[in-house]
Protein chains: 2
Amino acid sequence: MDAAQEAHTREAFRQAVVNTLERRLFYIPSFKIYRGVAGLYDYGPPGCAVKSNVLAFWRQHFVLEENMLEVDCPCVTPEVVLKASGHVDKFTDLMVKDEKTGTCYRADHLLKDFCKEKIERDPNITAEKAAEFRHVMAVLDDLSAEELGAKIKEYGITAPDTKNPLSPPYPFNLMFQTSIGPSGLSPGYMRPETAQGIFVNFKDLYYYNGNKLPFAAAQIGQAFRNEISPRQGLLRVREFTLAEIEHFVDPEDKSHPKFSEVSNLEFLMFPREDQVSGQSARRIRIGEAVTEGIVNNETLGYFIGRVYLFLTHLGIDRERLRFRQHLANEMAHYAADCWDAEIECSYGWIECVGIADRSAYDLCAHTDKSGVPLVAAEKFSEPIEKLVITPVKKELGLAFKGNQKMVVEALEAMGEKEAMEMKATLESKGEVEFQVCTLGKDVTITKSMVSILKEKKKEHQRVFTPSVIEPSFGIGRIIYCLYEHSFYTRASRGGDEQLNVFGFPPLVAPIKCTVFPLVQNQQYEEVARCIARSLTAAGITYKIDITGTSIGKRYARTDELGVPLAITVDSTTSVTLRDRDSKQQIRINVDEVASVVKEVTDGLSTWADMQWKYPAHSSTSSED
Amino acid sequence: MDAAQEAHTREAFRQAVVNTLERRLFYIPSFKIYRGVAGLYDYGPPGCAVKSNVLAFWRQHFVLEENMLEVDCPCVTPEVVLKASGHVDKFTDLMVKDEKTGTCYRADHLLKDFCKEKIERDPNITAEKAAEFRHVMAVLDDLSAEELGAKIKEYGITAPDTKNPLSPPYPFNLMFQTSIGPSGLSPGYMRPETAQGIFVNFKDLYYYNGNKLPFAAAQIGQAFRNEISPRQGLLRVREFTLAEIEHFVDPEDKSHPKFSEVSNLEFLMFPREDQVSGQSARRIRIGEAVTEGIVNNETLGYFIGRVYLFLTHLGIDRERLRFRQHLANEMAHYAADCWDAEIECSYGWIECVGIADRSAYDLCAHTDKSGVPLVAAEKFSEPIEKLVITPVKKELGLAFKGNQKMVVEALEAMGEKEAMEMKATLESKGEVEFQVCTLGKDVTITKSMVSILKEKKKEHQRVFTPSVIEPSFGIGRIIYCLYEHSFYTRASRGGDEQLNVFGFPPLVAPIKCTVFPLVQNQQYEEVARCIARSLTAAGITYKIDITGTSIGKRYARTDELGVPLAITVDSTTSVTLRDRDSKQQIRINVDEVASVVKEVTDGLSTWADMQWKYPAHSSTSSED
């Protein structure tokens with residue numbers, strides 16, 4: 001299958017999934033009766049239930065399991081907070097405008113589309129040109145506004161709809177802006193992420209945790225990005241649910257006590273070096289990845305493992321899930337390491353979870369801006385020996401004049417090992433060459449210029465800014481990928497039709513069970529209602545269908561909603577329970593059926609367990 | 001106790017509650033390190049857990065129990081939707097500005113404060129003046145901008161902080177405005193309620209429900225109101241969680257099949273007539289209230305009953321909960337009836353849930369604006385007899401000239417009874433007096449002007465706009481009232497201190513259970529960790545405290561968080577389980593304790609059941 005065919009197949013598959021999702025109201029383009037708004041979607045009843053289930057499992061798997069501190073902060077955020085975080089200045093995309101109509105486009109999208117189109121559709125393209133276009137696509141994210149503008153000009157790219165000329169690219173801030181209070185003097189934004197709400201509360205949360213590290217805080221909530229021109233359906237939207245964890249840890253000790261619980265997990269990883277050298281993702285044991293330094297530290301590794309368990313438990317196909325390390329140019333300058341959980345769907349490999357070691361960046365930024373120190377302290381049981389570096393400023397001033405300050409700072413910034421080596425050299429040789437980065441050269445330090453001592457100073461605690469390790473989950477993207485991974489079709493009994501099935505695990509399924517009286521009759525209906533009541537009491541979501549529609553049609557309808565179990569009432573004492581994927585059936589007493597359904601949907605038993613326990617039902621006439 | 005003393009007591013109680021809530025991070029003023037933003041609060045860890053619990057119970061009690069269709073729509077809403085709903089034009093408060101500093105105030109608040117101050121603090125006030133101020137306070141909500149301005153002028157009210165003169169009152173729209181997309185041409189707002197997201201989806205939801213009425217849709221989500229100057233702490237905020245139900249019903253049949261399940265509930269109701277005649281709220285059976293027409297219809301009554309059960313189950317004191325009917329001037333012109341669940345707290349009686357029969361207003365508004373008919377149809381099994389009124393336009397034109405159209409419309413709008421009476425009169429007398437409201441007078445209709453027939457027309461269905469009954473829950477307000485109703489203090493063992501307790505029911509408690517090793521020792525700690533693991537597996541939130549703090553202090557700390565049960569590990573085989581409110585203790589085996597805690601916190605057993613089942617533990621030394 002060549003690339004074009006493959007693209008066609010993907011497209012057709014996506015259409016089948018999306019049609020089913022829209023028809024069954026998993027989602028609805030928002031404000032549809034007013035022709036909608038690009039990038040805004042509603043979750044309809046089954047979609048809303050899937051989302052609830054995913055979030056409930058997220059709470060169980062992360063918050064409860066790790067005793068995290070969950071918080072819930074407002075979406076409306078004053079400017080000062082997002083100024084500190086860098087969003088006001090840097091949370092932008094480059095935009096070009098149709099010079100006549102004013103329609104806006106993302107500059108990088110236009111350039112990418114142009115290159116892709118040329119490579120895929122231009123039969124006369126030279127190998128050289130094709131390589132150039134490929135290169136442009138590879139470095140797209142690194143291009144400045146000027147470089148993007150130059151390329152657009154060079155290639156003669158015009159507005160897609162009108163062919164009008166385009167403006168030069170300029171940055172557009174992606175936050176929804178608003179004004180807080182009536183004065184018009186307090187600008188605010190709808191938060192672009194939930195993380196900042198946690199950072200600004202660090203001091204209180206640290207106190208709540210008994211002034212102890214490490215601890216994690218978590219938040220689930222809406223976030224907003226005013227995309228220039230949303231594409232990719234449910235994957236690039238203007239409002240979405242994020243679930244974020246901020247795990248605060250001592251930068252000098254990023255080990256994790258529970259790392260051994262995940263260290264033997266093996267899954268697809270795609271380290272930076274492999275990407276650069278053109279290799280593919282490969283199976284690596286996460287324990288090995290940490291030991292070999294592929295993953296920066298144990299805590300980061302622990303969360304990568306936990307994210308793997310979370311996603312596969314939801315039903316994400318492990319063969320279409322990989323952890324890709326950020327390339328140097330993708331990563332913020334302050335980040336220690338960063339991995340994305342990417343899930344393959346018809347749009348390609350999609351970033352669904354980001355797991356980053358953001359070092360002390362965020363807490364430092366808010367400390368600076370607010371003046372409130374967001375720090376932790378480690379108390380020592382005994383006073384500890386401390387390295388004391390004392391530059392002799394007079395001597396240094398004489399020797400380095402205007403550069404004195406830089407030399408002093410460089411000396412004071414030495415780590416213990418470097419300082420002790422310098423001390424030894426000075427004692428043996430009287431002088432030493434010393435690199436001062438800020439001067440861009442080496443200088444000669446003599447014995448009289450600095451004193452280096454390890455002394456028993458009365459140091460009872462160490463005050464420091466914690467590092468933060470941040471797993472950040474795009475819930476909507478995970479759910480969309482889950483839809484694609486769960487979807488399949490199978491022939492109807494007659495073979496004349498393809499029927500859609502969402503093979504959700506019970507954990508995720510929007511409705512756990514259906515109740516169908518086999519035929520319309522009062523006795524069966526009463527039994528059905530009685531079962532329905534016991535399902536409600538057991539907290540199981542169900543759908544009851546007492547229409548006279550054929551049982552096969554009723555199964556088909558609910559297979560399409562991903563309902564794992566169906567109860568068919570075909571007698572007043574016992575009923576038939578059917579499994580969605582195998583279509584196998586067993587017989588169970590009326591008064592037992594709710595508890596059986598509960599056991600299976602709570603994950604305490606499997607369908608196989610139940611087949612072993614209850615007699616099979618082999619009426620083949622039912623599914624026509 | 002006089003009014004001033006009572007106010008003082010209330011104030012002191014509130015301070016005690018609020019201090020505890022803030023100190024234990026139930027909530028945190030948002031962006032505190034930047035000095036916060038009025039009207040924005042974070043839920044800290046215990047507050048967030050309480051909120052989760054309340055919402056989970058809401059889902060169980062309403063959505064699951066009634067098989068409601070839950071949806072989840074975006075907060076960002078385009079202008080056209082809120083134009084249709086009336087929010088763009090009418091969702092305003094009247095504001096005055098300090099003419100020198102520009103500081104804004106709510107006009108009605110200033111006037112109310114002034115009157116209150118005068119009544120309460122002015123010793124020289126005449127009875128007549130006092131009556132006038134009381135009257136102003138009573139009609140405050142009905143005053144127009146002009147009337148408010150005139151009163152402010154008359155009383156010489158100035159800006160509270162500066163004593164500067166004030167501008168005349170003018171309307172300020174309470175929605176946070178923003179702009180959707182990069183063009184700046186698509187105004188949008190942060191939704192002021194979640195209801196509109198449901199209304200615009202009516203057509204799809206009705207289809208999803210098999211084109212059958214009644215059905216209910218529900219939504220939980222954030223809503224936003226850009227208050228002019230938020231007061232009353234957690235009760236009047238700029239962003240809050242709403243949980244709303246829109247129950248769609250045939251306007252000709254508002255009975256409810258499950259009404260009998262609530263009809264015997266009796267609770268405090270405050271009908272319109274009783275308020276007007278100066279009586280107090282009184283206990284009424286909801287079944288009686290519906291039969292006697294105090295409550296407009298069964299469905300409205302059913303939801304009032306369900307709301308009562310919801311709130312009292314959460315722990316709201318039934319003596320401080322009342323259902324108050326809206327007065328004629330409070331209710332929108334289209335509403336059929338409206339009741340607020342009001343909860344009494346230190347701020348007075350606070351509206352926490354509104355339960356309104358909004359008739360067909362919302363669906364009609366969106367039908368008009370969007371051009372998409374949001375209607376339902378009732379199919380008849382047989383064609384039905386139909387009233388046909390045919391005005392003879394020629395005759396009417398001759399008789400009424402320019403008023404013809406109004407007369408035609410009035411004739412066509414007649415109900416069956418009125419029309420059949422007119423038919424009889426015309427047949428016997430040849431003419432009839434007929435009131436035309438739009439003309440403001442009666443006209444004389446003669447036999448030749450109209451034909452009235454009941455004919456067997458082939459009418460197979462009736463198309464109509466459903467009525468909507470809307471219970472709307474302010475989750476934050478309910479939670480705040482719950483805090484006040486659950487809070488109490490008791491003397492410490494030594495009697496030297498007052499200890500705070502939140503007496504939450506297990507359902508609501510942020511943490512269900514604590515695990516304390518009695519003394520610091522490795523064996524006990526291991527047992528504690530083992531119990532902790534089994535609690536996690538059972539899905540129970542717990543707090544483990546292995547510090548050497550005295551057990552009494554540890555109890556006090558967690559009583560303040562409202563933790564209902566405490567496990568103290570004082571042997572390696574069995575443990576002590578303590579009940580928060582009674583402080584009684586029982587002994588349970590280590591391997592049984594998690595399941596006992598689960599039974600009690602899930603509400604399957606009570607503490608009394610457990611006391612009957614397990615031996616008492618009577619060590620009195622522990623709580624000092």
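Student: In which helix of chain A is the place of A419(A)?

Tutor: A419(A) sits in helix α16, residues 416–429 of chain A, where a helix is a DSSP run of H or I with at least four residues, a strand is a run of E with at least two, and both are numbered from the N terminus. This is a predicted model, in which local features need pLDDT of at least 70 and side-chain atom pairs count only at pLDDT 80 or more, whereas totals for chains, interfaces and linings use all residues. Residues are numbered from 1 along each chain as its sequence is written, chains are lettered from A in the order in which they are written, and side-chain values use heavy atoms, with hydrogens and water left out.

Student: Why is A419(A) called buried?

Tutor: Buried means under 20% relative accessible area, exposed means over 50%, and partly exposed lies in between, with a 1.4 Å probe and protein chains only. A419(A) has a relative accessible area of 0%, so A419(A) is buried.

Student: Which residues is A419(A) in contact with, leaving aside neighbours within four places in sequence?

Tutor: They are L387(A), I389(A), M414(A) and I452(A), and contact means heavy atoms within 4.5 Å.

Student: What makes β27 and β30 of chain B edge strands?

Tutor: In chain B, 5 strands form an open sheet with mixed pairing, in the order β27-β26-β28-β29-β30. The strands β27 (542–544) and β30 (585–589) each pair on one side only, and they are the edge strands.

Student: Which strand pairs with β26(B) over 5 bridges?

Tutor: It is strand β28, residues 565–569 of chain B, which pairs with β26 (residues 513–517) in the parallel sense, and V515(B) stands opposite I567(B) in β28(B).

Student: What makes the contact between D204(B) and K32(A) a salt bridge?

Tutor: A salt bridge is a side-chain nitrogen of Lys or Arg within 4 Å of a carboxyl oxygen of Asp or Glu. The closest N and O atoms of D204(B) and K32(A) are 2.8 Å apart, and the two residues form a salt bridge. Across the interface of chain B and chain A, the rule finds 4 salt bridges.

Student: How much area do chain B and chain A bury between them?

Tutor: They bury about 6200 Å², with 64% of it on carbon and sulfur atoms; buried area is the accessible area (1.4 Å probe) that two parts lose on being put together, summed over both. In chain B, I33(B), Y34(B) and Y208(B) lose the most area to chain A, together 13% of what that side buries.

Student: Which residues of chain B is S370(A) in contact with?

Tutor: S370(A), which lies in helix α13 (residues 361–370) of chain A, is in contact with I33(B) and Y34(B), leaving aside neighbours within four places in sequence.

Definitions and conventions
Pairing = 2+ DSSP bridges.
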